[in-house]
Amino acid sequence: MTEPVLHTGDCLNVLPSLPAGSVDLIVADPPYNLGKDYGNESDSMCRDDYLTFTRDWISEAKRVLKKDGSIYVFMGFRYIARLYIVLEEELGLNFNGWITWHYTQGMGKTKGFSPRHDDILYFSKSPKPIFNLDSIRIPQKFYRSRNNMRGANPGDLWEFSHVHYCQESRTEHPTQKPEGLIERIVLASSNDGDTVLDPFAGSGTTLRVCQQLNRNCIGIEINPEYVDLIESRLKQAFNGFDSLDPRMKRIPNDLNDPAIREEYRKNHKAWFLRNHPREQQEFDDEFKRKYAVKMRQASLNFDEADSECVN
Ligand SMILES: C[S@@+](CC[C@H](N)C(=O)[O-])C[C@H]1O[C@@H](n2cnc3c(N)ncnc32)[C@H](O)[C@@H]1O
């Protein structure tokens, strides 16, 4: 477990104090400028001021990033296209991916389509950033000897539900992100002991995830009340991350060979549910249910073979 460093203040003032080329990964979830109440006016700027603010903090972010470092920026519909232009054309960062976070639930509109996604732009300083595919694979749908049972690439459409108010990790912050989503970013684009920066820490999701994944994390948050909230969140006992891509619980069909099935059962938990102890139990139950007949048959065959040996 690694203890994060938290700065209270405006990231435009704090970022210049960080050394150039000192950060491996930046996870940035800035205000989307949609008028949300973060206890300040940060989400209600006029368009030009917001774009200037965006250019300024991203220029600083680029300066502190290491050569093989990556930056992921969350954004809503209103500024996503402009954000892309700032990152690629104006600041010359390398494009790696446009991820859509599908959150399944939210306010319903009566006119127009109810919004159900945010976007995450994934850029890097050089064309060859760190990318740990094995750490973020998702389970296959079928067992096939030719398949890589270590799992498939999760793609760029990610489903994670919002953290519900009844969940232990839920805070009063209005735009708290799911830990499972940040877990995927941190595992993909940093290594053990690396330094991760979150310039808009909010409720502290990135700091919490990094604390548990053995990354050094620097967080910046302008609202002192949220800083208090982060400090108490970081002291809570850890019972697993609060969210998971539903595909991580998927049990492949056709695990017919008993030895392969048992080997896979153990691997699944270590590969896909490492930081999710609650879902490990659910997985065991579902696995038994799905393969009950085959497992019973295998144990009968084993008993018969055993008794043949004795006779
Ligand atoms: C979208 S929220 C981040 C939510 C966070 N990812 C989470 O999971 O809780 C943006 C946060 O940035 C903070 N903020 C706004 N302007 C800031 C600035 N200039 N410097 C640092 N923090 C700022 C807001 O107070 C708010 O908590």
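Where is Asp 254 found? I looked this up first. Asp 254 lies in the loop that runs between α6 (224-235) and α7 (258-272). I am working from a predicted model.

**Entry: Asp 254.** I checked the backbone. Phi of Asp 254 is positive, near 70 degrees, and the residue is not glycine. I then looked up its accessibility. Asp 254 has 30% relative accessibility, so I log it as partly exposed.

**Entry: Asn 33.** I turned to another loop. Asn 33 sits between β2 (23-28) and α2 (47-64). Its phi is also positive, near 65 degrees, again in a residue other than glycine. Is Asn 33 buried or exposed? The relative accessible area of Asn 33 is 6%. Buried means under 20%, so I log Asn 33 as buried.

**Entry: helix α5.** I moved on to residues 205-212. How many of the eight residues of α5 are buried? I found seven, so the helix is largely enclosed by the rest of the structure. I wrote down the buried ones: Thr 205, Thr 206, Leu 207, Arg 208, Val 209, Cys 210 and Gln 211.

Next I asked what covers the buried residues of α5. The cover includes the strands β1 (5-8), β2, β7 (195-198) and β8 (216-221). It also includes the helices α4 (179-189) and α6.

**Entry: after α5.** I followed the chain out of the helix. Asn 214 comes after α5, and its phi is positive, near 60 degrees.

Conventions:
Residues are numbered from 1 along each chain as its sequence is written. This is a predicted model: local features need pLDDT of at least 70, side-chain atom pairs count only at pLDDT 80 or more; totals for chains, interfaces and linings use all residues. Side-chain values use heavy atoms; hydrogens and water are left out. Helices (H or I, at least four residues) and strands (E, at least two) are DSSP runs, numbered from the N terminus. Buried means under 20% relative accessible area, exposed over 50%, partly exposed in between (1.4 Å probe, protein chains only). Contact means heavy atoms within 4.5 Å.
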